[in-house]
Amino acid sequence: MTSVTDVTPSVRRVVLSATSAAAAAAGPTVSLLVPRVGDPAPRWPDVARDGRIVWPPGSHGVSLRSYTARRQDADRGEVEIDFVLHGDGPAAAWAAAAGPGAMIAAAGGGPLGDRPAGWLLLAGDETALPAITRILATAAPSTRGVALVEVADAAEEQPLTAPEGVQVRWLHRDGTPPGESTLLADAVAALDRPAGDDLFAWVAAESAAVRAVRADLRGRWGLGRVQHHAIGYWRRGRAMAPAG
Ligand SMILES: Cc1cc2nc3c(=O)[nH]c(=O)nc-3n(C[C@H](O)[C@H](O)[C@H](O)COP(=O)(O)OP(=O)(O)OC[C@H]3O[C@@H](n4cnc5c(N)ncnc54)[C@H](O)[C@@H]3O)c2cc1C
């Protein structure tokens, strides 16, 4: 790791240093192998040729978690990841404790699931903000649409570069705990379906919120499978996978 910056009160940006090849492969979504904080000797798994993770037997002190490379730079050997500091969980705890020299590993990357379209709907919470940042930054300048981003409050907003025709709307929970608000579902429910079929919706947030938005998009908007990607990025009250 090369640097740690607190970009907002609850988001910590970590720049990981890696070989060029590893930096190129680690994203846009990245499977992180997160060592338990304070464990002097985590036992790292192997990654088989087919990408399968081969865990050592017994307690090993390493947890697998999905994150997003907000930025990847193969030339500089850097991968930038924004961790939401939600307090609990191996990954959030690792980021909260991280300083220069801290170790973490990546076990491969995958796509974001977005698709170019004339009209885009992006809807997500702070865990989806790195992906939304990437999608907006690479969208064609002619793209139109709406980006809905749910965050705790105004202090959690981040600058976004978006095509002129995409309206960015910040939704503030203002005291409602993360995972308990209906802001995203309500905001989507208030949108009229754009005309035509050249549209794509990308949705990522707490699982229940995503289910509600997905139902609206499939039902009222009539979006087919190739017109949307809606997945839960975390589950309220439940770890995404067992801690190692
Ligand atoms: C493809 C993908 C990309 C992702 N990209 C990012 C990213 O770039 N940045 C990012 O911060 N997250 C991202 N996430 C979400 C992240 O993987 C989860 O938040 C994960 O649960 C964090 O792991 P953990 O070890 O900290 O907590 P876990 O051990 O999984 O959970 C422990 C507890 O924390 C709670 N919890 C988990 N996440 C949150 C949260 N955001 N707010 C409040 N409570 C929470 C759980 O409900 C549980 O009770 C992504 C998820 C996916 C699937």
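This is a predicted model: local features need pLDDT of at least 70, side-chain atom pairs count only at pLDDT 80 or more; totals for chains, interfaces and linings use all residues.
Biologist: Into which domains is the chain divided, and what distance separates the centres of domain 1 and domain 2?

Modeller: The chain is divided into domain 1, which covers residues 3-110, and domain 2, which covers residues 119-234. Taken over C-alpha atoms, the centres of domain 1 and domain 2 are separated by 25 Å.

Biologist: Is Glu 80 buried or exposed?

Modeller: Glu 80 has its place in strand β7, residues 78-84. Leaving aside residues up to four places away in sequence, Glu 80 touches Arg 13, Val 14, Val 15, Thr 68, Ala 69, Arg 70 and Arg 71. Its relative accessibility is 8%, and because the limit for that class is under 20%, Glu 80 counts as buried.

Biologist: With which residue does the side chain of Glu 80 meet in a salt bridge, and how many residues apart are the two?

Modeller: The side chain of Glu 80 meets that of Arg 13 in a salt bridge, at 3.7 Å from N to O. This pair links distant parts of the chain, with Arg 13 in strand β2 and Glu 80 in strand β7, 67 residues apart. Both partners are buried, that is, both Glu 80 and Arg 13.

Biologist: Which residues are linked with Arg 13 and Glu 80 in a network of salt bridges?

Modeller: A search of the whole structure finds 15 salt bridges, and one of the pairs is Glu 78 with Arg 71, whose side chains meet at 2.9 Å, N to O. In this pair, Glu 78 counts as buried at 14% relative accessibility, whereas Arg 71 is partly exposed, with a relative accessible area of 28%. The network links Arg 13 and Glu 80 with Arg 70, Arg 71, Arg 76, Glu 78 and Asp 82.

Biologist: What is the relative accessible area of Asp 75?

Modeller: Asp 75 is found in the loop between β6 and β7, and its C-alpha atom is separated by 8.8 Å from that of Ala 24, 51 residues apart along the chain. Asp 75 is classed as exposed, with a relative accessible area of 79%.

Biologist: Why is helix α3 described as largely enclosed by the rest of the structure?

Modeller: Helix α3 runs over residues 129-138, and its buried residues are Leu 129, Pro 130, Ala 131, Ile 132, Thr 133, Ile 135 and Leu 136. Helix α3 is therefore largely enclosed, since the buried share of its ten residues is seven.

Biologist: Which backbone oxygen does the side chain of Thr 133 reach?

Modeller: Thr 133 is found in helix α3 and counts as buried at 14% relative accessibility. Residues up to four places away in sequence not being counted, Thr 133 touches Arg 70 and Leu 160. Its side chain reaches, at 2.6 Å, the backbone oxygen of Leu 129.

Biologist: How far apart are the end C-alpha atoms of helix α5?

Modeller: Helix α5 has 13 residues, 207-219, and at 1.5 Å a residue it should span 18 Å. The distance between its end C-alpha atoms agrees with that expectation, at 18 Å.

Biologist: Which residue caps the N-terminal end of α5?

Modeller: The buried residues of α5, which include Val 210, Val 213 and Leu 217, pack against β9 (119-125), α4 (183-189), β12 (199-206) and β13 (228-234). At the N-terminal end, a side-chain oxygen lies 2.8 Å from the backbone nitrogen of Ala 208, and the capping residue that provides this oxygen is Glu 206.

How values were computed:
Residues are numbered from 1 along each chain as its sequence is written. Side-chain values use heavy atoms; hydrogens and water are left out. Helices (H or I, at least four residues) and strands (E, at least two) are DSSP runs, numbered from the N terminus. The expected span of a helix is 1.5 Å times one less than its number of residues. Buried means under 20% relative accessible area, exposed over 50%, partly exposed in between (1.4 Å probe, protein chains only). Contact means heavy atoms within 4.5 Å. A polar contact is a pair of N or O atoms within 3.5 Å; within protein, one must be able to donate a hydrogen and the other to accept it, and residues adjacent in sequence count only if both atoms are side-chain atoms. Domain bounds come from an automatic or database domain assignment. A salt bridge is a side-chain nitrogen of Lys or Arg within 4 Å of a carboxyl oxygen of Asp or Glu.
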